[in-house]
Structure formats: structure tokens, C-alpha cells
Amino acid sequence: MTAWVLVGGRFVPSADVERVRREWPPSFIAAADGGIDHALPLGVRPHLWVGDFDSSDPADPRWQDIERVAYPCDKDELDAELALRAAHDRGARRFVLWGAFGGRFDHTLALATIAINWAERGNDMLLHSGDESAVPFLGGKPLELDVEPGQTISVLALATLESAYFEGVRWPLCGDTVTPGTVRTMSNEATSRRVRLTATRGRGLVVLQHAT
């Protein structure tokens, strides 16, 4: 089961949004506080609205019939994390986090680490803001992505990637070690319609740029 979770970062309409709509059609949609603003641009109506409502108006008449769960501002979890858990409790194991980039940098980085942790627990995770997206990459689990030739792709290591291979790009990796802070894996370019990334150990993110 796939869930869309709408979070409070940037959302830019793009052709890749339609691809995600086809390949990750949602069975459940949860909005995390201000992420409700992405519902209309995406053309969806959330099933659930959660958060402390410090960045949205819970009295907005457009959403009065949506189930909601309110939390105090003083809490140990992001509203996005609460929405993810609610979707997971309803059976979702594949997640698209719309609005994952932009806004506060600390929130963006937190969402990236949450996505990786959830991927390590067996969930499929996609972070997307329309103009850019990211997927977790885990050592021992080959990753293949459909792309456009010339598309910009970056690999960000959050734990050292060992014996890393990156195929279908202008500057491939051939058994390399990629440590956190390495910048030579930034702004690569796809040379085919499919790229493949493998590593024996480590974890990170693969970030793609999309035309708008």
C-alpha cells in the first residue's frame, strides 16, 4: 500500500509529478500541518490531517470534513513523522513525501534521515518537491532509477559507501569508496535512461533534479 504524506516544504509542479502519480498511486493521503497547502496543486484530498497546526489554519473551511489529529507544540516528533506513522499504522509500506525540500533546512535534513531510517526498516521512500527528488540508497541493495539523458544526479553519502559502482552516468563509480563530505559525486549527468548504483556497505541519498 502506498501513502502520500504532504509536508510543509516547497512544491513545484513538474512533469515528474505525473510520473510519480502513475508509479506511486496513493491508497492513503495524510497531510502534516502546513503540508495541506499542497493538496490542491496535487489535485488530491487528504484522508487525514495531523500536527500541532502552528503553520496552518485548522478552521479552514476547505478541509472541515477531513479527519484530523491534533498534537501539542511541545513534542519530540515532527508533524511529518506523525503523519508517516499514521499512514504506516493503516498498512502503508511505500511513501511519497511531497514538499520534502525547501523551507527550513533542519526540517529537510531531518526528513532525509527519517527516510533513510524507514528504508532500513523495509519501507520504500521517495522525497519529492516537484523540481527535485531523492531516494535512500543502502549498501547491499542495488538501486536502479529511470531517468532522462542529461538529467543531473548527485550521490550524498551519510555513512561511508564502500565498493560503490554507479553506471549510466557521465562520471561513473568503479568500486570507489565514497565518504561523507565527498563532493566529486555531486552534479553527475545521466547518459542513458536507466542508472544503477550499488555498494557493499554504507547509506546515503540519491538526489535528482527535474525540469519544471
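Modeller: Before we start, one term: a residue is buried under 20% relative accessible area, exposed over 50% and partly exposed in between, using a 1.4 Å probe and protein chains only.

Colleague: What is Val69 in contact with?

Modeller: Leaving aside neighbours within four places in sequence, Val69 is in contact with Leu48, Trp49, Val50, Gly51 and Phe53. Contact means heavy atoms within 4.5 Å.

Colleague: And how far apart are Val69 and Phe137?

Modeller: They are 32 Å apart, C-alpha to C-alpha, and 68 residues apart in sequence.

Colleague: Where do these numbers come from?

Modeller: This is a predicted model, where local features need pLDDT of at least 70 and side-chain atom pairs count only at pLDDT 80 or more, while totals for chains, interfaces and linings use all residues. Residues are numbered from 1 along each chain as its sequence is written, and side-chain values use heavy atoms, with hydrogens and water left out.

Colleague: New topic: how many residues are in the largest nonpolar core?

Modeller: That core has 39 residues, and Trp98, Ile153 and Val206 have the most contacts inside it. Its largest share, six residues, comes from strand 9 (residues 152–167). Another core, of 32 residues, lies apart from it and includes Phe101 and Ala115. By nonpolar core I mean buried Ala, Val, Leu, Ile, Met, Phe, Trp, Tyr and Cys residues joined through side-chain atoms within 4.5 Å.

Colleague: What does Trp98 touch?

Modeller: Beyond neighbours within four places in sequence, the contacts of Trp98 include Trp4, Phe11, His38, Leu42 and His128.

Colleague: Now Ser129. Where is it found?

Modeller: Ser129 is in the loop between strand 6 (124–128) and strand 7 (132–138). Its relative accessible area is 0%, so Ser129 is buried. A polar atom of its side chain lies 2.8 Å from the backbone nitrogen of Phe101.

Colleague: What about Glu132, buried or exposed?

Modeller: Glu132 counts as buried because its relative accessible area is 17%. Glu132 lies in strand 7, and its side chain makes a polar contact with the side chain of Gln209 at 3.4 Å. A polar contact is a pair of N or O atoms within 3.5 Å; within protein, one must be able to donate a hydrogen and the other to accept it, and residues adjacent in sequence count only if both atoms are side-chain atoms.

Technical notes
Helices (H or I, at least four residues) and strands (E, at least two) are DSSP runs, numbered from the N terminus.
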